[in-house]
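Student: I am new to this structure and would be grateful for a close look at a single part of it. Could you then relate that part to its surroundings in one connected account?

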Amino acid sequence: MIEVALRLFENKYFLVAMILFIIGFHTLLTHSNLIKKVIGMNIMDTAIFLFFVSIGYVDGAVAPIIEPGVEQAYINPLPTVLILTGIVVAVSVTAFALSLIVKLYESYGTLDAEEIMRIRSNEP
Amino acid sequence: MEDLIVRTISRTLVPFIQVYGLYIILHGHLTPGGSFSGGAVLGSSMILFALSFNLERGAKKLSHDASTVLECGGILIFAMLGFYGILAGTNFLTNLKAGFYPGVPGEFFSAGFIIFITVALAFKVASTVITLFYNLIETEGEAHD
Amino acid sequence: MSIVLDTLLLSFLIVCAVAVARTRDLLSAIIIYAAYSLIMAVIWLQLEAPDIAITEAAIGAGVTTLLLIATISKTRREE
Amino acid sequence: MRLVIILFFLALIGFTLVATVAEMPLYGHPENPTNNEVPERFIEKGTEETGVMNIIGGILVDYRAFDTLGEATVLFVAIAAALSALKAHSH
């Protein structure tokens, strides 16, 4: 038991990434407000990014900016590059979701997903 | 927002933010940064300008036509530079083997087509950010409470 | 020293995420989300990824917050 | 009832994820399986093959340039979809 707890504290970046994922998923599932759902989705995104980048970290290494003539350890550059792509895709998805939310508010007058479903089911 | 303090501070700060954004873009192959971060900084500075003065004056700075040219031109320059690799007899999007100017690593004019792609993508990202913001906050329509 | 700083920053992240989920006012939730993004940028500096730190500070704390605030200025503020 | 089901599945997912973290390799250890020959080659040959000092910029715009082209397309499609949704006629 103690060993597992020590291991979890040693891997605290991974652990916090998982906890943030669960919090974001909980926000996405239980809140019926659409903007809250978008914020929860963003929290899930950042949790995945944190997990990926912390996998590439090496103790005592520096960022991969080459200095000629200096021998030092560099971190793994591949997760950083992949996540740089992911951040831009995340903001694209957020912008599209927000424009859909604005149009939904114009036609239904509410931001509540349950309310919108009720209005939709009462329509002929 | 018609506030004197916000206006004065943002009028002083916006040129510095834009110079910093241009620095991030142009030194993307030497220091941390690159197209996406620099473009986002440039776009945020324009949004700050438009928010602290008024939105109509800010919207004139980037018209719809200019936004269209930047959006399509960014991808077009990227693809054209890629097709140059095919013309030179190598693969799509080949950098140094296709005959771009290699330069000395560490100097400003080096690394082949990387600097062109970075500048084109950065202006595309900046234009995307500004256009999305203006179209989301545009005050026409009846949805207010 | 670094362990203390890392633990503080990570616990701040969790507190911010829970506060976003618990807040009823949407504008407050968005401001707390901006603080969350800034702390995330500091954590990425700790993880030796300065490229993502700059991008997160500009996109996560700047652009996403502005887009969310633009949306609630066209819709409503209460949940 | 729905809340109970949601909480049950969240607890299930959370237990699985935390159990996975307990079995992961140590954080920051230089002998981790992710630090294999691929990043080594990028860091050794990157400056000579692409002419950059910032290896991340080199990988982003040279080795994985096709990926970045697809990402620019994603940005373009996102703004086109958002504008066409916002400017659509509402009746």
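Tutor: At 40% relative accessibility, D:Ile5 counts as partly exposed, a class between buried (under 20% relative accessible area) and exposed (over 50%), with a 1.4 Å probe and protein chains only. The model is predicted, so local features need pLDDT of at least 70 and side-chain atom pairs count only at pLDDT 80 or more, while totals for chains, interfaces and linings use all residues. Residues are numbered from 1 along each chain as its sequence is written, chains are lettered from A and ligands numbered from 1 in the order in which they are written, and side-chain values use heavy atoms, with hydrogens and water left out.

D:Ile5 belongs to helix α1 of chain D, residues 2-22; helices here are DSSP runs (H or I) of at least four residues, strands (E) of at least two, numbered from the N terminus. Together with D:Met1, D:Phe8, D:Phe9 and D:Leu12, D:Ile5 forms a nonpolar surface patch, with about 570 Å² of accessible area in total. Patch members have over 30% relative accessible area and no salt bridge; nonpolar side chains (Val, Leu, Ile, Met, Phe, Trp, Tyr) are joined within 5 Å, like charges within 9 Å. The areas come from the Shrake-Rupley method with a 1.4 Å probe, and for residues only the protein chains shown count as cover.

Elsewhere in chain D, the side chains of D:Arg41 and D:Glu49 meet in a salt bridge at 3.0 Å, N to O; the term requires a side-chain nitrogen of Lys or Arg within 4 Å of a carboxyl oxygen of Asp or Glu. D:Arg41 is partly exposed, at 37% relative accessibility, and D:Glu49 is likewise partly exposed, at 30%. Over all chains, the structure holds 6 salt bridges.

Another of these bridges joins B:Glu71 and B:Lys124, also at 3.0 Å, N to O. This pair links distant parts of the chain, with B:Glu71 in helix α4 and B:Lys124 in helix α5 of chain B, 53 residues apart. Both partners are buried: B:Glu71 has 5% relative accessibility and B:Lys124 has 0%.

In chain A, A:Glu106 and A:Lys103 meet in a salt bridge at 3.3 Å, N to O. Both lie in helix α4 of chain A (residues 77-108), 3 residues apart, about one turn of the helix. A:Glu106 is partly exposed at 26%, whereas A:Lys103 is buried at 16%.
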